[in-house]
Structures are given as C-alpha cells and as structure tokens.
Amino acid sequence: MNIRTRLTVLFALLVGSIILLFSLTIYYLFDQYREREFYDRLRQNAFATAQLLENVEVRGITDKMLQQIELNYMSLYKGHVTIFLPDNRILHSTDSKREVVSLQFLEQVRNGKEIFRRNGMVETLGVRFTDRHNRILVVVATAIDRYGFTKIEWLRDILVISWIVSMGIVLLAGWFFAGDALKPVSDIIDQVNDISATNIYARLRIGSPKDELAKLAATFNEMLDRLEQAFILQKNFVSHASHELLTPLTVMMGQVDVALMQPRKEYEYKQALESVLEEGKKMNSLVNGLLELARVNADAATLSFKPVRIDEVLWQGRSRLLQKNEEYRIDIEYEKLPGNEEELIVMGEESLLQMAFQNLIENGCKYSKDRHMVVTLNAGEDDIRLTFTDHGYGIPPEDIPHLFEPFFRSETTSGIIGHGIGLALTHRIITIHKGQIRVESEIGKGTSVEVTVPVRKIVTTEKPVAFELEE
C-alpha cells in the first residue's frame, strides 16, 4: 500500500469514526427523549384515568367523562389502563384481557416506586394513587409508542444513509487531499531521479522555507553538496595519483631503455640500477602513503582506541626520524608540565598519532634550511595542545586552505621531493581523534602548526576500551 492510499484510508477512518460517533450520539439522545416523552404521556393517562374513575363513584358517570376516557385511550396506540386494589384485585381495567403483572411489581409500586419497563415495543408504567377513601391503588398503564418508534426508524435510516454517503465523499476528498499533499514529494522524487554523475551539480527546487518538505529538499541539497565535493575530490585524487605513479614509472622505464640500448660497463649498469631503485623507493613511499590514507578513511569508525601517553608518542617519533635523518634537529619542550602524568594521556590509536606527529616534524625539518623543528607541549584540563614550529620558507596565505587536500603542494616546496599526501593523512588522523589542527605561516620566517587533542577520561577495565567514533 503506497503512502497516498494509506493516507486516504487513515483519513477516511478518522473522519468516518467521528461522523459515526456523532450519529450514534444523536440517535441515542433522540431515543432517550422519545422514551421520556412517552413516559410522561403514560403517567398523565394513568392519573387521569384514576381521577375520572373516582369522579364516577362520587357524581356518577356523565357523557363528558366517557368522552374524556375514550380520548385518553385513543391517544395511545393499543393503550389500556388497569387499576389494582390494595389486595391486588382489579378495580378497573380498559383491557378485556386484563393486564397481568407480578405481585412484586405491585408491591414495589405500592411502596412509592414508579416503575417503567419495556418489552419489545410495548412499554408499561406503574404508578401509585391514593383515592378519597385513602386506599393505595396501583395504576398500570400500557401502550405502544407507534409514532415515536416510527420517528426513531426514520432517523436511523437517515443517519445510516448519510454515513454511507459521507464515507464515499470522505474517501474521494481524502484521495485528492493526499495527492495534493504528496505532490511536492513526487516532484522531489522526479528531480532526484534526474540527477546523475553527469549533472551532480544540479540541485532540488525549494518551496516555502517553513515547509517540512522544503527542509527535506534543503537536506537533500546539502547531501548533494557533500557528494559533489567527494566526487570532485575522488576525481582529483585519481588524477593526481595516476600522475604521481606515472612519473617514477616513466623515469624507470627510460633508465632501463637507455641502459639496454648498447653494451655498457659494469659501473654504468650499477648507476642505472641505482637510479631505478631510487625511483622505486619513491613509488613505494607514494603507494604506502596512499594505502595509509585509504585505510584511515575506510576504518575510522571501527578503530579501537586505547590509553596513549602523548609525550611518549612524540619522543618515539623523534627517535625514528633521527635514525633516518641524522641532520635533523628536533627539540621537544614542555610549556606547562602537569603535576599528574594522567593529564598527558589521551584515548587514541598510537600508531596513527605517531604517524601524524612524524609527518608534521618531518615537514618542518625538510622545508627548513637549518633542518630544525621545535615541538611545544601544553597540557590543559580538557585537551593537550601541541605546537610544531619551524623557521623554514613559509607558506603563502592563499595556499593554507588547501594544505590538507591530497597531492596539493605549495609553490615554495616545488624543489623538494614530496607527494602532498602527508598533511592530508595528518589532518584525517587528527580529525578522527576529535582534535583540531590550525596553521599559521609567514613567508621567509617559518610556519607554526597547532594541534589540539581532547583528553579522554580513562575507565579502568581488564580489556582495552573500544570507542566508536563518528565520521
């Protein structure tokens, strides 16, 4: 069942239930009114008959009294009145069959209780009457409310027919109402179906800004913006990766072709192989960087974070870099040394944090003439701030917003070997650790990179605590 049909059925059930409840209420109230009105008529006829009978005993019966008694009987369909003496004998009855009632009924009425009962369409009323001899008589009036029941049946038929017709109208109105309400949704579906990879820049039309469907369209447009950016980044990533991989391959093939063009001496082959090896190392470094970037992007939501002491990660990264590059000078300073070692512990992936810090330190040393980098650590109550400062070439202000894009390289680094993956990988690692990274630079004076990592409270457990991080 589609949404339009479901809305129509629900609308019809709701309105139909309200109309049905309203009709039943009218029917019930009218039936109560009819019963009360007929009760009053029976009571009036019962007392009128008893009073007329008493007048007959006192003054004798007259033609006028006979006419009055006949009129009382004729006003009620199949109506008759029976009067019982205190000993339950019948004093007077207008019914040849004589009304038969139970002794319990007579005693209850004689004790002052008026009893009204209904058997099918026949309704009976018993009332107490005290005559001039102080005898307590029981007057039982019985009749059928022919006109009242006729009106009730007529009202019932009208209400049933009206409800059926109303349901038909409600179903029809509900169908058109649901169609009109869902028309914007259909328009959104049609527009979304028209968007593909060839026109991913297209956006949905937004109606009234206060409409929930307009908010839905705006949400779709925001999603399309993210998809377009991801699509462009992926396209650029593939293009740059292909170019970066193609360059060392071309150099390697050229070296091999030149070496094989003619017989050469042993040292010349050795030089060619060394050149090929160097290009292979560059390619290996590039592929490893791409793999690390892909791994971090793919597995960020399933990383198991453990307690990591941030200064130990820094010192380990420093040691590894100095082993590979002895000319580097790396100083680690504590701007604010915490009194408790716990304040230096964050929850994270140690290998990834070490990779991020190494990338920042290596960039600072590599792009500085003095190969010097200063790392300042400041431990706060809520986070740990790391500042990586160098005195290198600096970065132009227009290049800073693009530093963390894969394969982007500033013009100031054009003469230095690199692929533009390290900072993109570093930014991603800091982001999945819920941290922030900020860059300040001045041409000719150097660059300062500030990294803030939030301190996580450690829950002592036997097993490592796994945190599920949002993208």
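Begin by selecting helix 8 and helix 9, whose axes come within 9 Å of each other and cross at roughly 140°. Helix 8 and helix 9 are therefore oblique to each other, and the crossing that helix 8 makes as it passes helix 9 is left-handed. Keep in mind throughout the tour that the model on your screen is a predicted one.

Now show the side chains where these two helices touch. From helix 8, select Leu 352, Leu 353, Met 355, Ala 356, Asn 359, Leu 360 and Asn 363, which meet Gly 422, Leu 423, Leu 425, Thr 426, Ile 429, Ile 430 and Ile 432 of helix 9. If you colour the residues of this contact by type, you will find ten nonpolar and four polar ones, and no charged residue.

On the side of helix 7, the contact is made by Ile 310, Val 313, Leu 314, Gln 316, Gly 317, Arg 320 and Leu 321, while helix 8 contributes Glu 350, Leu 353, Gln 354, Phe 357, Gln 358, Ile 361 and Glu 362. Which kinds of residue make up the contact of helix 7 with helix 8? Coloured by type, the residues of this contact divide into seven nonpolar, four polar and three charged.

Follow the chain onward from helix 8 and select Lys 369, which has its place in the loop between helix 8 and strand 9 (372-379). Is Lys 369 buried or exposed? With a relative accessibility of 71%, Lys 369 counts as exposed.

The next stop is Pro 396, in the loop between strand 10 (383-390) and helix 9. Pro 396 counts as buried, because its relative accessibility is 14% and the cut-off for buried is under 20%. Select Ile 443 as well, and you will see that 47 residues along the chain separate Pro 396 from Ile 443, although their C-alpha atoms are 6.4 Å apart.

Move on to Glu 450, which lies in strand 12 (residues 446-454) and is partly exposed, with a relative accessible area of 21%. Leaving aside residues up to four places away in sequence, Glu 450 touches Arg 385, Leu 386, Thr 387, Gln 436, Ile 437 and Arg 438. Then select Thr 376, which is 74 residues from Glu 450 in sequence and 9.4 Å from Glu 450 in space, taken from C-alpha to C-alpha.

Two further loops deserve a look at the backbone. Select Lys 434, in the loop between helix 9 (422-432) and strand 11 (436-442); Lys 434 has a positive phi of about 60° although it is not a glycine. Lys 434 is partly exposed, with a relative accessible area of 40%. Then go to Asn 134, in the loop between strand 4 (122-130) and strand 5 (136-144), where phi is near 60°, again a positive value in a residue other than glycine. Asn 134 is exposed, with a relative accessible area of 64%.

Finally, zoom out until the whole protein is in view. Its nine helices and twelve strands can be picked out in a cartoon display, and of its 471 residues, buried ones make up 36%. If you switch to a surface display, the protein exposes about 29,000 Å², of which carbon and sulfur atoms supply 57%. Among the contacts with a separation of 6 or more, 65% are accounted for by residues 24 or more positions apart.

Notes:
Residues are numbered from 1 along each chain as its sequence is written. This is a predicted model: local features need pLDDT of at least 70, side-chain atom pairs count only at pLDDT 80 or more; totals for chains, interfaces and linings use all residues. Side-chain values use heavy atoms; hydrogens and water are left out. Helices (H or I, at least four residues) and strands (E, at least two) are DSSP runs, numbered from the N terminus. Buried means under 20% relative accessible area, exposed over 50%, partly exposed in between (1.4 Å probe, protein chains only). Contact means heavy atoms within 4.5 Å. Accessible areas come from the Shrake-Rupley method with a 1.4 Å probe; for residues, only the protein chains shown count as cover. Ala, Val, Leu, Ile, Met, Phe, Trp, Tyr, Cys and Pro count as nonpolar, Asp, Glu, Lys and Arg as charged, and the others, Gly among them, as polar. Axes are lines fitted to C-alpha atoms, for helices over the stretch in contact, and angles run from 0 to 180 degrees between N-to-C directions. Angles under 35 degrees count as roughly parallel, over 145 as roughly antiparallel, 65 to 115 as roughly perpendicular and the rest as oblique. A crossing is left-handed if the near helix is turned anticlockwise from the far one by less than a right angle, and right-handed if clockwise.
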